[in-house]
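Work through the exercises below with the sequence and the coordinates open. Each task is followed by a solution in steps.

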Amino acid sequence: MNPKSFGGWNCANDDANSVKIDPPPESYRVTTDYKSFAKGEAEFMLAKGGPVGAYLWGHLHAIHSDRTGETSYAAVATIRGDDGYLFNISPVIVETISGVLDKPERHSHCYLQFVLPESDQREWLKEAVENGTHLNIRVDGDRDRNDIDWASSALKDILTEVVKELLEDYVTGSASVIDVLKAVNNNQPPAFKRLKQ
């Protein structure tokens, strides 16, 4: 078993213990969402605390029910205020699990603990969590589609051509989450910061 790591996600086939990150304690959870696939699931939680005041935890459980072939899973989470302001977008996970002859069913577990890089956006998310701003998390994903199209359709309400290109760059690792947040939010702070100005 060789653990895999990319975009902050750590994955392992068959035995999750080598990469497992426990979910945040119940009292630290701000908002949670879950997506069930035909087989497998993705779950994300925004939590208060951690080294920067707020962090995102994620778990993808991928299942392949055959000794041959493969199944791909993809998932992403967005965190928004009630006004639609985008506070965070998780690193996208695309995991492909292949069958092996000695197992009729194979499992892959991927875990994420993600904090925004040092930025105004990180401070705004922390402030929103500390002040009790109502935040919503939404998990989008797909099974057997490992391209950008599913992400584009899942996030269509925020896409302009510029944002679509940036999102594609983000998925491939050539743009930062901060670049995406700035573009989606038109370089504006959240409403609670604008009202103080």
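A residue counts as buried when its relative accessible area is under 20%, as exposed when over 50%, and as partly exposed in between. The model is predicted.

**Exercise 1. Burial of an aromatic pair**

Solution: 
- Step 1. Tyr 73 has a relative accessibility of 0% and is buried.
- Step 2. The model has five aromatic pairs.
- Step 3. Phe 37 sits in the loop between E3 and strand E4 (41-48), and Tyr 73 in strand E6 (residues 70-81). The two are 36 residues apart, and the pair links distant parts of the chain.

**Exercise 2. A second aromatic pair**

Task: Classify the ring pair of Phe 87 and Phe 192 by the angle between the planes.

Solution: 
- Step 1. The ring centres of Phe 87 and Phe 192 lie 6.4 Å apart, and the planes are at 10°.
- Step 2. Planes under 30 degrees apart count as stacked, so the pair of Phe 87 and Phe 192 is stacked.
- Step 3. Phe 87 belongs to strand E7 (residues 86-89) and Phe 192 to helix H5 (residues 191-194), 105 residues apart.
- Step 4. Both Phe 87 and Phe 192 are buried. Together with Tyr 85 they form one aromatic cluster.

**Exercise 3. The disulfide**

Task: Find which cysteines are joined by a disulfide, and give its handedness.

Solution: 
- Step 1. The model has one disulfide. Its partners are Cys 11 and Cys 110, with an S to S distance of 2.1 Å.
- Step 2. Cys 11 is in strand E2 and Cys 110 in strand E9; the pair links distant parts of the chain, 99 residues apart.
- Step 3. The torsion about the S-S bond of Cys 11 and Cys 110 is about 115°, so the disulfide is right-handed.
- Step 4. Cys 11 has a relative accessible area of 0% and is buried. Cys 110 is likewise buried, with 0%.

**Exercise 4. Salt bridges and exposure**

Task: State how many salt bridges there are, then examine the one between Arg 106 and Asp 14 and two others.

Solution: 
- Step 1. The count is seven salt bridges.
- Step 2. Arg 106 and Asp 14 form one, at 3.1 Å from N to O. Arg 106 is in strand E9 (residues 106-114) and Asp 14 in the loop between strand E2 (9-13) and strand E3 (29-36), so the bridge ties together parts 92 residues apart in sequence.
- Step 3. Arg 106 is buried at 14% relative accessibility, whereas Asp 14 is partly exposed at 34%. A network of salt bridges links Asp 14, Lys 103 and Arg 106.
- Step 4. Lys 20 and Asp 22 form a salt bridge at 3.8 Å, N to O. Lys 20 is partly exposed at 44%, and Asp 22 is exposed at 55%.
- Step 5. In the salt bridge of Arg 138 with Asp 140, the closest N and O atoms are 2.8 Å apart. Arg 138 is partly exposed at 32%, while Asp 140 is buried at 14%.

Terms used:
Residues are numbered from 1 along each chain as its sequence is written. This is a predicted model: local features need pLDDT of at least 70, side-chain atom pairs count only at pLDDT 80 or more; totals for chains, interfaces and linings use all residues. Side-chain values use heavy atoms; hydrogens and water are left out. A salt bridge is a side-chain nitrogen of Lys or Arg within 4 Å of a carboxyl oxygen of Asp or Glu. Helices (H or I, at least four residues) and strands (E, at least two) are DSSP runs, numbered from the N terminus. Buried means under 20% relative accessible area, exposed over 50%, partly exposed in between (1.4 Å probe, protein chains only). A disulfide is a pair of cysteine sulfur atoms within 2.5 Å. Rings of Phe, Tyr and Trp (its six-membered ring) pair if their centres lie within 6.5 Å; planes under 30 degrees apart count as stacked, over 60 as edge-to-face and the rest as tilted.
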